[in-house]
Every structure is written in structure tokens, then in C-alpha cells.
Amino acid sequence: MKGDLIKKANKLKREGKLNEAIATYQQAININPCFAWYYQELGDALAKKGNLDEAIAQYCISLELKPDLNDSYKNLRKLLQVQNYSPLSIANLVSRMKESSCQNNILPSRKTGMASNSSLKLKETKVFGIGLGKTGTTTLEACFKILGYKNFSWHTVNRYKLVKQVKLNDFTDVFSLLENHQSFRDYPFPFIYKELNQKCPNSKFILTVRKDFQTWFISLVNHYNKRMEMEIWYDILYGNKYVDDENYYRNFYENHNQLVIDYFSAWQDKLIIICWENGDGWDKLCQFLNKDVPNVPLPHRNKT
């Protein structure tokens with residue numbers, strides 16, 4: 001049955017009947033969501049149709065399931081080239097994707113082929129860090145781990161996939177991840193706090209900020225200059241490949257923070273603003289999370 005579907009989909013793709021091919025690949029995936037090559041083939045069909053971001057997301061799923069799937073890396077590189085990123089940025093991003101396996105972040109349904117009942121798990125208290133990058137989010141994650149939360153860790157493949165999906169208004173994967181983790185930080189979560197609040201009504205949100213915009217911007221520029229793939233990340237995150245327009249980033253930073261504050265004015269008990277540089281620490285964080293203050297110093301990560 002599955003083999004027949006893939007043969008049919010491949011034939012449709014060769015004939016240029018891309019909509020039918022895409023629907024058939026998706027049908028095969030619904031039957032067996034654990035097979036990496038199905039997502040790769042679906043990505044190829046989407047790319048031929050010109051749906052580049054959707055294709056990239058499918059290649060990332062294939063790499064989550066099988067991190068050594070070289071054809072998916074090759075095809076991903078081609079699409080990034082079409083999007084006019086520099087060869088060095090593309091090479092660095094792919095290298096980051098290959099650094100470590102992301103098996104721990106695969107959705108349960110893609111590990112086992114079985115979907116779980118999420119209704120009770122989504123009623124549990126989840127904690128989301130929704131500050132922009134370079135606001136102390138790595139420190140926040142270290143705090144989550146010390147406090148005993150099951151934290152959703154970073155891996156380039158699935159983070160890039162999630163941001164792409166969210167930009168396409170596809171929340172299926174990010175919502176499924178909520179089932180098996182308790183704390184989250186960094187992208188795409190700062191962009192979807194409204195959806196998260198609706199999906200997980202008992203959750204709490206932490207807006208990390210810097211002591212002023214200039215401090216954040218200097219950190220952002222330093223980060224950009226250290227990591228050659230940031231051209232790609234900054235484009236997808238901030239809508240700007242470069243960091244040469246300070247006013248652009250000032251507006252982005254200040255608008256994000258104000259929009260978060262305005263939104264949670266109706267749920268003031270669900271939001272806390274944390275600035276590590278201004279002395280916020282364990283006492284403020286633990287009071288908000290109803291946790292005992294641990295007998296360890298506050299972990300201060302990435303101080304530069």
C-alpha cells in the first residue's frame with residue numbers, strides 16, 4: 001500500500017502533476033510518519049512547485065528523522081542558494097545542522113507512528129521565555145534546568161524548521177512539542193506568545209530584556225559577526241539579512257517588548273519581565289514560578 005502510493009507520487013511528480021503528487025506524498029506520510037525519505041520526496045515536489053519555504057521545512061523533518069540524509073542537505077543547500085544567501089552562510093548553517101543528532105526533539109508521532117492524547121498535558125503549567133535573542137535566554141534556560149523543568153533544547157535543524165513553519169502559519173509541530181516538555185525559550189516562541197497563551201491557558205511567560213536597547217544591539221552585532229550563518233537566521237527572524245540599520249533593530253526590539261506587555265495587560269499574573277543586568281535573579285524568578293530558591297548561584301551564560 002505505502003509502496004504503491006510512493007510509486008504513484010513519484011510518477012505524478014515526473015509528469016509535472018505536482019499538486020496531485022504532493023497530496024499523495026502527504027497520504028503516505030499519514031500512514032507512516034516515521035520514514036524520512038517521504039518528507040524528502042515531498043520537499044522535492046514542493047520545491048518544483050516553487051514553495052521553497054515549505055520544501056525547506058520538509059527537508060528539515062527528513063533530517064530530524066535521519067540526520068545523515070545527504071540528499072536532503074544537498075537539496076536544502078540548493079534552495080538556500082536560490083534565496084540568495086552567501087555560500088559561506090549556507091555552509092555554516094548546514095555544518096551547524098550536522099553537529100549533533102536531534103533525535104530527542106522529534107515529535108512522538110514521528111518516533112513511533114502513534115499520536116498521543118495531548119489534552120491533559122496541555123493543561124499543565126508550561127513556562128515560555130519570550131524575550132528576543134541576546135536578552136539572556138541561555139541563562140534563563142539554565143535556570144529552567146536547575147529548577148527541574150523538562151526543557152526543550154536547541155538544535156539547529158528543528159529550530160530552523162519550527163521558525164519556517166510558524167512563518168507559514170503552521171503550528172502543528174510546535175504545538176505537538178508542548179506535550180512532552182515543560183519549559184521553552186528562544187525562537188520561535190517569542191513570535192507566538194498569543195497562540196501559546198490560548199493553547200496552554202495555565203502557562204507563564206518570561207520576557208527577558210537588556211538594560212537598554214544599545215546594549216542589546218551591540219550584543220546582536222557581535223553575535224552576527226561571530227557566526228557566519230547569521231545572515232540566514234537574521235533574515236528569517238528579523239526580516240533583515242544585515243545589522244547595518246540600527247533604527248530598524250531599535251524598532252523591532254522596542255515593538256516586540258511593548259506588544260508583549262500590552263497583550264499580557266489582561267493577564268498580568270502570567271507575565272514577568274526579567275533583566276539580569278539590573279539585578280533580577282533567583283528570588284524574582286522563583287516567586288513568579290512558585291518554586292523554592294535553589295542553593296546555587298544564578299547561572300550567567302554567554303556574558304559577552
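## Sheet

Strand β1 (residues 127–129) and strand β3 (residues 204–208) run parallel and are joined by 3 bridges. Strands here are DSSP E runs of at least two residues, helices are H or I runs of at least four, and both are numbered from the N terminus. Two strands pair if DSSP finds at least two bridges between them. Within β3, Ile-206 is the bridge partner of Gly-129. The model is predicted: local features need pLDDT of at least 70, side-chain atom pairs count only at pLDDT 80 or more, and totals for chains, interfaces and linings use all residues. Residues are numbered from 1 along each chain as its sequence is written, and side-chain values use heavy atoms, with hydrogens and water left out.

The sheet is open and has 4 strands. Their order is β2-β1-β3-β4, with parallel pairing. At the edges sit β2 (183–184) and β4 (271–274), each pairing on one side only.

## Helices on the sheet

Helix α9 (residues 137–146) packs on the sheet and touches β1, β2 and β3. Contact means heavy atoms within 4.5 Å. The direction of α9 makes about 145° with that of β3. Axes are lines fitted to C-alpha atoms, for helices over the stretch in contact, and angles run from 0 to 180 degrees between N-to-C directions.

Helix α15 (residues 246–263) also packs on the sheet. Its contacts are with β3 and β4. The direction of α15 makes about 150° with that of β3.

## Helix α10

Helix α10 covers residues 156–167, 12 residues in total. From first C-alpha to last it reaches 16 Å, close to the 16 Å expected at 1.5 Å a residue. The expected span is 1.5 Å times one less than the number of residues.

Of the 12 residues in α10, 11 are buried. Buried means under 20% relative accessible area, exposed means over 50%, and partly exposed lies in between (1.4 Å probe, protein chains only). The buried set includes Arg-159, Tyr-160, Lys-161 and Lys-164. Just after α10, Asn-169 takes a positive phi of about 60°.

## Salt bridges

The whole structure holds 18 salt bridges. Each is a side-chain nitrogen of Lys or Arg within 4 Å of a carboxyl oxygen of Asp or Glu. One of them joins Glu-64 to Lys-161, with the closest N and O atoms 3.0 Å apart. Glu-64 lies in helix α4 (residues 52–65) and Lys-161 in α10, so this pair ties together parts that are 97 residues apart in sequence. Both Glu-64 and Lys-161 are buried.

Lys-13 and Glu-41 meet at 2.6 Å, N to O. Lys-13 is in helix α1 (residues 2–14) and Glu-41 in helix α3 (residues 36–49), so the pair ties together parts that are 28 residues apart in sequence. Lys-13 counts as buried at 11% relative accessibility. Glu-41 counts as partly exposed at 21%.

## A salt-bridge network

Arg-96, Glu-99, Arg-227 and Glu-229 are linked in a network of salt bridges. Within it, the closest N and O atoms of Glu-229 and Arg-227 are 2.9 Å apart. Glu-229 is buried, with a relative accessible area of 0%. Arg-227 is partly exposed at 25%.

## Lys-194

Lys-194 lies in helix α12 (residues 193–199). Its relative accessible area is 41%, so it is partly exposed. Lys-194 and Leu-18 are 176 residues apart along the chain, and their C-alpha atoms are separated by 35 Å.
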